[in-house]
Each structure stands twice: as structure tokens, then as C-alpha cells.
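Thank you for making time this morning. I would like to walk through one structure with you, going from a few single residues out to the whole chain.

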Amino acid sequence: MRTSISDVNTLRQAIGERASGEGFSAVRIVKLSADPLQAERLRQFIAQGHNGSMAWMAETEARRASPLVLWPEARTAIVLAQNYGQDLDPFERLKDKGSGVISLYALNRDYHDLVKGKLKRIAQWLKHRTKKEIKVFIDTAPLMEKPLAQKAGLGWQGKHTNLVSRDIGSWFFIGTIFTEAEIEPDAAEEDRCGSCRACLDICPTNAFPAPYQLDARRCISYLTIEHEGHIDSAFRQAMGNRIYGCDDCLAACPWNKFAQASHEVKLMAREELKAPRLADLLALDDVGFRALFTASAIKRIGRDRFIRNALIAAGNSGDAGLVPRVMALLGDPAPVVRAMAVWALSRLIGEPDFAQLRNERMNGETDDGVRREWETA
Ligand code: SF4
């Protein structure tokens, strides 16, 4: 039996209504196919080592390279945008050096469960309606969502490699539903960056070797969230008080003038995370960290990595009032914490005091990385 044009339009319209009813800001449809160009870009990204210690990217390269490897029977993807915009100026937040800055997307309760629940409801409805199988993906599957979203017309990958939408800017998560059903696709979006290079020029750590290429190893988002060990001293000053992620390249994009704060996200907002005091964060033990970041994406990086980041912010704060808190962390069981406590103190106390401290503490240090900090800080 042939599907009529009016049936097709009715289904497309019904998907749009369902998505909007669940609070998604935009929805687009794309026919799934192999994408050799994106597969080659991914291959180069990994071959150049730009994925840093994110070994899982290389491990899942074959599946990531094409959505059809992930699920060969899939025919169509429905790509949805969940706005997480807030009425906060990301650049203003960086000026309060006594606070730690957490990336906008992590200022709310963890979005995974919320968005996954919404996607599943739409997917179940679609399965019932089309009698075809479905699968739901958000952010954890080996799927190149951004190029797929561009093909679907949700936006385009800007020079910072993130997705930009003419309608809603860049503050949004992408959720995806795959279906075996064939549904009339939308037109792909075209690149509208033009000669603008605001996102490239604002980057504090020069993480873009070229437009449309990101070297994750230099990106503060990667360094503060994904990277487990010591953070290279070359990046520490540039991190300022960013302790979880970085919003600069997104915030610099002029298309964000179309972004709107999300009412739904406002309801999930964690006010206490908007400008947490470094003095309080540095006092967190494992139990305190878990309690503060219950139901938050931040919990996943663990207390030690988080305190490492907060110590770098303390070192950049110029606030000698933080010295007692930092001193207490010189005896922390985690080497990444002790090392950054050494670095922070080297910036917060004068050279004679630091030299005396080095004499007192360095010989008792057993970890090579921490000893190196004492020697080089
Ligand atoms: Fe640079 Fe920050 Fe963008 Fe990373 S998130 S590329 S550090 S501006």
C-alpha cells in the first residue's frame, strides 16, 4: 500500500506537535545514510590525537563513523533540540574570581534522565503509530550527533565544531530517535558562519588548530571534565576560574542573540551552583562532594578531579584568604589534588614562604608528579 502525501504530512506534523508538547525547541527529520566525509573527519581527528585521553572515541570509531553501523535496519532519524539556555552572562561570571564557574549546561539537575524520558515517550508513540522499531539516543551512544543534526537541518556545525541554530542559538542538547520507518526528511542546514571568527578568537587556550577543527587536548571543557591526571601547566592560568567546562566559544557566537532562556530548565536550575565560593568547594571531602552534586552531571568526574580544578581556580584568584584551605590539601591522599595545591600556593604566597614550605614538605612527598610540582612551581 502506498503512503499518500497527506499521510506523510500528517505524520511529520504529528511528530512536530509531540516534540513541542514535550518541551523540545526544535525537531527535524533526516534520512539515514553513510557519510564518508564525516567518517574521514573522525578518522583524522583520532589519527592526529585530538581526542586526547578519550580512548573510547578510537575504540568506537567504526560504530561512530556511520549511524547505519550502529543500527543497519534504521531508515530515519528524528533529531530534537532541548534548550538549556539561562539568563546568565557567561563572561560576567568569569569576573568573580572568588567563585568557581560551572558550564551553563551543568547548572541544572542532570538532563539525561529528563530528556531520555521525553524521547522515550515520543518514540513509543511513534512505534505504535508506524508499527516500526525505534531506538533512542542521547549523548552516551557512539553516534556523531552534530553532523547528523546538520543534515537534518537543526543547525550547522560552526567553526567551533558545535551546533548553531538560526532560531535558538547554541544552548541546547541534542536528542535522537532512530526508526525503521521511512519518513520524509527536512532539508540540510547550510553553514552560515561567513567570515566571523569570534569563537576561534575568544578561546583562552587556542584549542582550534584551524576553523572547524578542535584539538580537545587544549580545550578547557576536556581538561576539566574528561582529563583525569595533572593538567599541563601551560593551560592553568588560561583556565581562570572555570572549574567545570567552558562556555566561551558558544557565548561568543553572534547567533546566540536568538537564544532564549528555557522555562523548563529554570525549574531544574541549581541556584547554589551559579557562583559557588571556592573556599566552600575546597573544603569538600568525598561525602560532601557527592551530597552537593547529587543528580548532577558533575558527580561523574569524582571529587579529586573536581578539587584539582577548584585549586587551579584558587591559584588564579589572587585571594590569599584561600591559603589555609589550600594548605590543608597538601596532605590530601590524591596526588592530583596535592600537586595542584602546590601550584596554587606558589601563586598565593610569596617566594620566601613558598621556598620554606618546599623545604619542609617536598622530601616527604612520594609521588613523582607532585615532586615535580614542588620543583617547578
Ligand atoms: Fe576554547 Fe573554551 Fe571553546 Fe574549549 S570550550 S574550545 S577552551 S573557548
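Predicted model: local features only at pLDDT ≥ 70, side-chain atom pairs only at ≥ 80, totals over all residues.

Residues are numbered from 1 along each chain as its sequence is written, and side-chain values use heavy atoms, with hydrogens and water left out.

Helix 8 itself covers residues 145-152, and within it Glu145, Pro147, Leu148, Ala149 and Ala152 are buried. By buried I mean under 20% relative accessible area, with exposed meaning over 50% and partly exposed in between, using a 1.4 Å probe and protein chains only. Helices and strands are DSSP runs numbered from the N terminus, where a helix is H or I with at least four residues and a strand is E with at least two.

Thr161 sits in the loop between strand 5 (156-157) and strand 6 (163-164), and with a relative accessibility of 14% Thr161 counts as buried. Ala295 is found in the loop that runs between helix 15 (286-292) and helix 16 (302-317), and Ala295 is partly exposed, because its relative accessible area is 40%.

Next comes His112, which belongs to helix 7 (residues 111-130). Is His112 buried or exposed? His112 has a relative accessible area of 12%, so it is buried. If we set aside the neighbours within four places in sequence, His112 is in contact with Ile138, Asp139, Thr140 and Arg300, where contact means heavy atoms within 4.5 Å.

That leads to the domains, whose bounds come from an automatic or database domain assignment. Domain 1 is given as 5-95 + 105-194 + 255-272, and domain 2 as 277-377. Their centres, taken over C-alpha atoms, are separated by 37 Å, and six residues of domain 1 are in contact with eight residues of domain 2.

Ala275 lies in the loop between helix 13 (263-268) and helix 14 (278-281), and with a relative accessible area of 37% Ala275 is partly exposed. Leaving aside neighbours within four places in sequence, the contacts of Ala275 are Asp96, Ser99 and Gly100. From Pro72, by comparison, Ala275 is 203 residues away in sequence and 46 Å away in space, C-alpha to C-alpha.

Finally, the whole chain. The protein has 20 helices and eight strands, and 52% of its 377 residues count as buried. Its C-alpha trace spans about 85 × 40 × 40 Å along the principal axes. Among contacts between residues at least 6 apart in sequence, 74% join residues at least 24 apart. As for charge, there are 51 positive and 49 negative side chains, and the centres of the two sets lie 4 Å apart; Lys and Arg count as positive and Asp and Glu as negative, with His and the chain ends not counted, and each charge is placed at NZ of Lys, CZ of Arg, CG of Asp or CD of Glu.
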